[in-house]
Amino acid sequence: MNRPSPSPQATTTGAEPSVLRLENLGIHFGKSEVVKGLSLEVKRGECLAIVGESGSGKSVSLLASLGLLPGHAHVTGTREFTAADGTTTDLAALTPRQWQRVRGGRIGFVFQEPMTSLNPLTRVGEQIAESLRLHQGLRGNAARHRVLELLQQVQLPRPAELIDAWPHQLSGGQRQRVMIAMAMANEPPLLIADEPTTALDVTVQQEILALLDGLRRNQGMAWYSSVTTSIWCVAMPIAWS
Ligand SMILES: Nc1ncnc2c1ncn2[C@@H]1O[C@H](COP(=O)(O)OP(=O)(O)OP(=O)(O)O)[C@@H](O)[C@H]1O
Ligand SMILES: [Mg+2]
């Protein structure tokens, strides 16, 4: 590996229980070692930002925590998720079927470019409802009611109209809010975000970061995110402590 691995920067250091623990994480693609010896712990209600230059392995280490690395990746080290009831899951041992229950249900995620994460052929509300159906068995009016509540929670204007909109009818910031609504639909104790604001303009970036931080403060949701190496972004999580 010719680049330093990304480094974690945490907002809080209290005695809260751990939600995610990585120890000595290593990631290889063939002979190429792209992450070496990454250890970190994300605790309940904590925001932990992973910082590093382009290509240092931020995205792949987040993807390893979501079971989304391609099949040719070789991952070593410990990856543990602990639920609110204290049950610890060895993420490295999950089958693809078990991952489906964890991802979106117990670990929410938001990626950099919401247009590629949202299905362009499915209405916004239906996409959120699908996650509620999959993880909570919620359908019909109950699901629609919860979707409207989530759209309000992420401060989208006119939720009753937006629920039936197509992704291309929304602005970039609105699409990212939809992704966040989807990520928090099942109230996961952990949200993993890969540069969630990079594709947005500066004002919207601040609004989205404030929204995510509100979820951390109000719901105790831990947040593990990559950020760019800009001083502004690195300073944000520290300012929130
Ligand atoms: N699917 C893959 N197959 C092979 N190599 C990969 C794959 N995905 C990532 N890599 C390599 O892993 C290394 C780390 O990539 P990663 O995307 O994690 O960087 P990053 O820190 O997120 O960079 P950026 O800030 O540009 O998003 C890079 O050298 C990249 O080429
Ligand atoms: Mg990346």
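User: Into how many nonpolar, polar and charged residues does the shell around ligand 1 divide?
Analyst: This is a predicted model, in which local features need pLDDT of at least 70 and side-chain atom pairs count only at pLDDT 80 or more, while totals for chains, interfaces and linings use all residues. Residues are numbered from 1 along each chain as its sequence is written, and chains are lettered from A and ligands numbered from 1 in the order in which they are written. Ala, Val, Leu, Ile, Met, Phe, Trp, Tyr, Cys and Pro count as nonpolar, Asp, Glu, Lys and Arg as charged, and the others, Gly among them, as polar. On that basis the shell around ligand 1 has 4 nonpolar, 6 polar and 1 charged.

User: Which helix gives the most residues to the shell around ligand 1?
Analyst: A residue is near a molecule if its C-beta atom, placed from the backbone, lies within 6 Å of it. The residues surrounding ligand 1 are Phe-29, Val-34, Gly-52, Ser-54, Gly-55, Ser-56, Gly-57, Lys-58, Ser-59, Val-60 and Pro-70. Helices (H or I, at least four residues) and strands (E, at least two) are DSSP runs, numbered from the N terminus. With 3 residues, spanning a helix of residues 58-64, the most is given by α1.

User: By how many bridges is β2 joined to β5?
Analyst: Strand β2 (residues 18-29) pairs with β3 in the antiparallel sense over 8 bridges, and there Arg-21 stands opposite Glu-41. On β5, Val-75 is the residue opposite Ile-27. The two strands β2 and β5 run antiparallel, and the number of bridges joining them is 8.

User: Which residue has a positive phi in the turn of the hairpin formed by β5 and β6?
Analyst: Strand β5 (residues 73-82) is joined to β6 by 3 bridges, and Thr-82 has Thr-88 as its bridge partner. The β2 and β3 hairpin has 2 residues between its strands, with Gly-30 at a positive phi of about 60 degrees. The β5 and β6 hairpin has 5 residues between its strands, and the residue with a positive phi, about 90 degrees, is Gly-86.

User: Are α4 and α7 roughly parallel or roughly antiparallel to each other?
Analyst: Axes are lines fitted to C-alpha atoms, for helices over the stretch in contact, and angles run from 0 to 180 degrees between N-to-C directions. Helix α4 (residues 124-136) packs with helix α7 (residues 172-184) at about 20 degrees, with axes 9 Å apart. Angles under 35 degrees count as roughly parallel, over 145 as roughly antiparallel, 65 to 115 as roughly perpendicular and the rest as oblique. The two helices α4 and α7 are therefore roughly parallel.

User: Which residues of α7 meet α8?
Analyst: Helix α8 (residues 202-219) packs with α7 at about 15 degrees, the axes being 10 Å apart, so α7 and α8 are roughly parallel. Two residues are in contact if their C-beta atoms, placed from the backbone, lie within 7 Å. On the α8 side the contact is made by Val-204, Glu-207, Ile-208, Leu-211, Leu-212 and Leu-215, and on the α7 side by Gly-173, Gln-176, Ile-180 and Met-184.

User: What is the handedness of the crossing in which α4 passes α5?
Analyst: Helix α5 (residues 140-153) packs with α4 at an angle of about 115 degrees, with their axes 9 Å apart. Residues of α4 including Gly-125 and Leu-132 meet residues of α5 including Ala-143 and Leu-150. A crossing is left-handed if the near helix is turned anticlockwise from the far one by less than a right angle, and right-handed if clockwise. The crossing of α4 with α5 is right-handed.

Note on methods: Pairing = 2+ DSSP bridges.
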